[in-house]
Amino acid sequence: MDDTVKIGVLTSGGDAQGMNAALRALVRTAIDRGALVFAIYEGYRGLVLGGENIRPIYWESVGGILQQGGTIIGTSRSEEFRTREGRMKAVEHLLEHEIDRLIVIGGEGSLTGAMLLSEEWAGLISELSARKVIDPAIIEKHPSLHIVGLVGSIDNDMSGTDMTIGADSALHRITEAIDAINSTAASHQRTFVVEIMGRNCGYLALMSSIATGGDWVLIPENPPNVDNWEERMCEYLKAGREAGRRDTFVVVAEGARDRKGIPITSSYVKQVLEEKFGDEVRLTILGHVQRGGAPSAFDRILGTRLGAAAIDVALSGEARVQPQLISLIGNRITPTQLKEALQVTQSISDAIASHDYDRSMTLRGGNFQEAFRTFRTMLRALPHPHEPEQIRLRLGVMHSGALSPGMNTAVRVAVRHGLDRGHIMLGIHNGFQGLVNGEIEELNWMSVNGWAPRGGAELGTNRVIPVGSDFYEIARNIEKYQVDGILVIGGWTAYVSAHQMLVERSRFPAFNIPIVCLPATIDNNLPGTEFSIGADTALNNIAAAIDKIKQSAVAHHRCFVVEVMGRYCGYLALMSGLATGAERVYLNENGITLQDLQHDLEGLISSFRKGKRLGLLIRNECAHSTYSTEFIRDLLEVEGQELFDVRQAILGHLQQGGNPSPFDRIEATRFATQCIDFLIEHGLQKSAESSFIGIQGKQIKFHSLDDFPRMVDEAHQRPKDQWWLGLQPILEILAQEDQVSL
Ligand code: ADP
């Protein structure tokens with residue numbers, strides 16, 4: 001008997017985009033740690049059948065799969081595994097290979113099955129021992145089963161983790177489809193009903209409605225609270241049309257129901273709209289499109305992080321005591337108790353089944369409830385009328401800095417939320433230059449109609465930072481337009497300019513108003529936040545471009561040097577490296593030395609000699625002033641000789657383009673709502689408190705704008721604290737050259 005630790009892995013239940021990323025990361029991390037992974041093909045069915053369904057899986061078997069949807073080791077639903085006899089066979093087959101650590105990637109059902117298997121293990125092995133099916137020495141060596149679960153489910157229906165593998169990709173598919181339908185719907189003044197997956201979970205339906213600017217949503221957790229909901233819905237939709245909307249969208253989750261638990265099907269909604277709303281209605285059932293296609297950058301990175309952590313937990317012995325779930329909680333990978341997560345998940349289904357909808361919403365958590373409230377504001381045809389005696393603030397909304405996808409989404413939410421709370425919203429065009437020039441106009445509810453999915457920045461943006469007499473003009477305009485507070489949505493220049501206004505307060509009393517900055521830059525180089533709006537879209541743009549580049553390269557034995565944006569911040573470079581499986585990422589944060597280049601070159605030569613067909617190096621645009629992208633390309637080209645040829649790709653502005661990703665739209669919505677609340681609170685108190693918003697871990701926080709200089713490395717225009725640098729070791733392990741021929 002050899003002492004190599006053996007770990008089994010299977011994917012089970014509904015497939016989800018990103019399962020392959022998890023598989024790749026866990027196989028390679030295990031090999032790096034000296035363990036051996038057995039893939040169990042076809043999920044629990046393969047485990048029950050045994051034989052060829054259980055075989056070792058190696059480094060190169062998981063190469064080139066990051067960008068593939070589905071799961072390369074297959075999945076299934078197995079009725080036999082639901083029986084004790086079936087699970088007995090599963091144990092027998094695991095022990096044949098001396099596997100007592102099992103990583104299960106699947107949904108609630110699959111993880112419930114895994115939980116059961118671990119609970120029954122002791123009983124099942126003693127029965128196998130009594131039947132003399134397995135050598136007693138082996139049975140003695142494996143008294144318990146370590147279970148490590150990763151949730152692979154497009155529905156995001158599991159408690160205990162913020163996101164499940166596949167949910168973000170499904171949101172991509174849904175928003176792409178709804179955006180596409182939107183353009184045709186608006187041309188014909190049509191009404192569309194879209195059915196989205198989710199039997200007990202309205203996450204996809206609610207978030208896609210927020211992301212696309214839907215007009216009505218029906219979800220299982222929170223059915224309409226009136227009996228005549230059909231009339232109420234049609235009244236709202238009619239009012240929306242009268243206010244100027246050209247199309248109408250209703251999103252229905254598969255498991256939608258009324259208060260009594262009677263299903264509300266999408267075809268029933270269609271029928272209601274035809275009869276009561278009197279419009280031509282089209283029904284689209286998105287179905288399996290939602291599971292399909294390439295995983296999003298987020299899912300590739302999530303799968304990778306979870307897969308790597310799963311091995312550490314499987315090897316640590318923690319999972320022997322209690323089955324573990326590797327969760328994402330507030331952007332941190334956190335092992336939690338599988339049993340507890342399953343119990344809470346089950347209690348949400350129970351609450352829905354027993355019509356206790358307050359409880360189901362409470363159990364879904366604060367973000368879900370907040371999203372639902374915000375959606376109900378956004379879908380209104382007009383804002384709530386303000387009280388006659390209410391103080392009405394005049395709040396400005398503007399951009400500053402380079403363009404970032406999601407800027408329009410944030411403006412739409414800010415304007416509608418401010419109007420709904422009874423205040424007057426002013427659009428300031430063309431950044432701080434526009435504030436200097438007085439390019440200011442009042443915005444109404446319909447001014448921002450249709451802005452939710454739109455890329456670009458309708459209000460205009462630029463990198464102008466006010467200097468000298470600009471401040472005098474700004475002060476005059478603030479007085480002239482009686483601005484009581486300003487929301488600046490943008491990047492580095494937004495923060496620098498807003499901070500400068502604070503500095504100038506002693507000279508210009510007009511600046512004694514609340515100012516709040518909302519992080520929107522693809523570079524993700526702002527302090528006090530782990531994510532800025534637009535960075536996720538840029539990452540997806542980069543991943544999509546590199547997928548194509550990789551396809552072109554394999555045919556030729558080629559190495560690509562890809563240059564990505566980010567100025568002095570390596571976020572896009574490192575994260576796109578993780579999302580695309582790059583061998584090497586060059587960051588300004590680390591610098592580049594001649595020894596680094598020599599080491600990388602030798603690594604490439606040795607692995608191309610062993611049969612490698614594709615090399616991928618990603619370089620941040622400011623990684624090094626001398627070792628440019630061209631330099632690295634030329635160096636590799638000369639030294640690679642006949643082994644491989646080298647091409648460079650400077651991705652450029654495509655990174656900033658396109659419609660914002662669902663994640664950017666959702667985060668823009670959360671940030672904008674809270675920023676407006678901040679301005680209203682401080683504006684009403686006549687406090688000049690100024691801040692920037694951000695998300696850290698699970699919490700959205702405001703930091704005082706006074707702290708901005710202390711929190712940044714000004715010379716490199718990036719925060720002093722950059723959380724994502726901690727992900728570098730994962731990339732280094734997964735890209736090791738010397739493992740290629742294992
Ligand atoms: P998902 O994992 O996506 O929720 P399913 O609910 O269909 O998908 O579960 C997948 C497989 O997991 C089932 O076919 C079955 O083999 C196993 N499974 C599900 N629930 C249980 C259970 N309560 N006990 C044992 N095995 C289960």
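R505 touches F511, N512, I513, A688 and S690, when residues up to four places away in sequence are not counted, and contact here means heavy atoms within 4.5 Å. The structure is a predicted model, in which local features need pLDDT of at least 70 and side-chain atom pairs count only at pLDDT 80 or more, while totals for chains, interfaces and linings use all residues. Residues are numbered from 1 along each chain as its sequence is written, and side-chain values use heavy atoms, with hydrogens and water left out.

- R505 is found in the loop between α18 (492–503) and β16 (515–519); helices (H or I, at least four residues) and strands (E, at least two) are DSSP runs, numbered from the N terminus.
- With a relative accessible area of 16%, R505 is buried, where buried means under 20% relative accessible area, exposed over 50%, and partly exposed in between (1.4 Å probe, protein chains only).
- Although R505 and F471 are 34 residues apart in sequence, their C-alpha atoms are 9.9 Å apart in space.

**Domains and nonpolar cores**

- The chain is divided into domain 1 (6–164 + 295–330), domain 2 (167–290), domain 3 (394–532 + 665–707) and domain 4 (535–658 + 728–734), with bounds that come from an automatic or database domain assignment.
- Between the C-alpha centres of domain 2 and domain 4 there is a distance of 43 Å.
- The largest nonpolar core has 85 residues, and I103, V269 and L273 are those with the most contacts inside it; such a core is a set of buried Ala, Val, Leu, Ile, Met, Phe, Trp, Tyr and Cys residues joined through side-chain atoms within 4.5 Å.
- Because domain 1 and domain 2 both give residues to this core, it lies between them.
- Another core, of 77 residues, lies apart from the largest one, and among its residues are A25, I301, L443 and A545.
- Leaving out residues up to four places away in sequence, L273 touches T191, V193, M233, C234, L237, V250, G278, D279 and V281.

**Two pairs of packed helices**

- Two packed helices are described by the angle between their axes and the distance between the axes; the axes are lines fitted to C-alpha atoms, for helices over the stretch in contact, and angles run from 0 to 180 degrees between N-to-C directions.
- Helix α21 (residues 594–609) packs against helix α22 (residues 629–640) at an angle of about 45 degrees, and their axes are 11 Å apart.
- α21 and α22 are therefore oblique to each other, since angles under 35 degrees count as roughly parallel, over 145 as roughly antiparallel, 65 to 115 as roughly perpendicular and the rest as oblique.
- On the α21 side the contact is made by L597, L601, L604 and I605, and on the α22 side by F631, I632, L635, L636 and E639.
- In the second pair, the axes of helix α6 (residues 167–188) and helix α7 (residues 203–212) come within 9 Å and cross at roughly 45 degrees, which makes α6 oblique to α7.
- Among the residues that meet in this pair are A167, A170 and L171 in α6 and Y203, L204 and M207 in α7.

- Most residues other than glycine have a negative phi, and most peptide bonds are trans.
- H355, although not a glycine, has a positive phi of about 65 degrees; H355 sits in the loop between α12 (338–353) and α13 (357–364) and is partly exposed, with a relative accessible area of 35%.
- H557, a residue other than glycine, has a positive phi near 55 degrees; H557 is in the loop between α19 (535–554) and β17 (558–564) and is partly exposed, with a relative accessible area of 36%.
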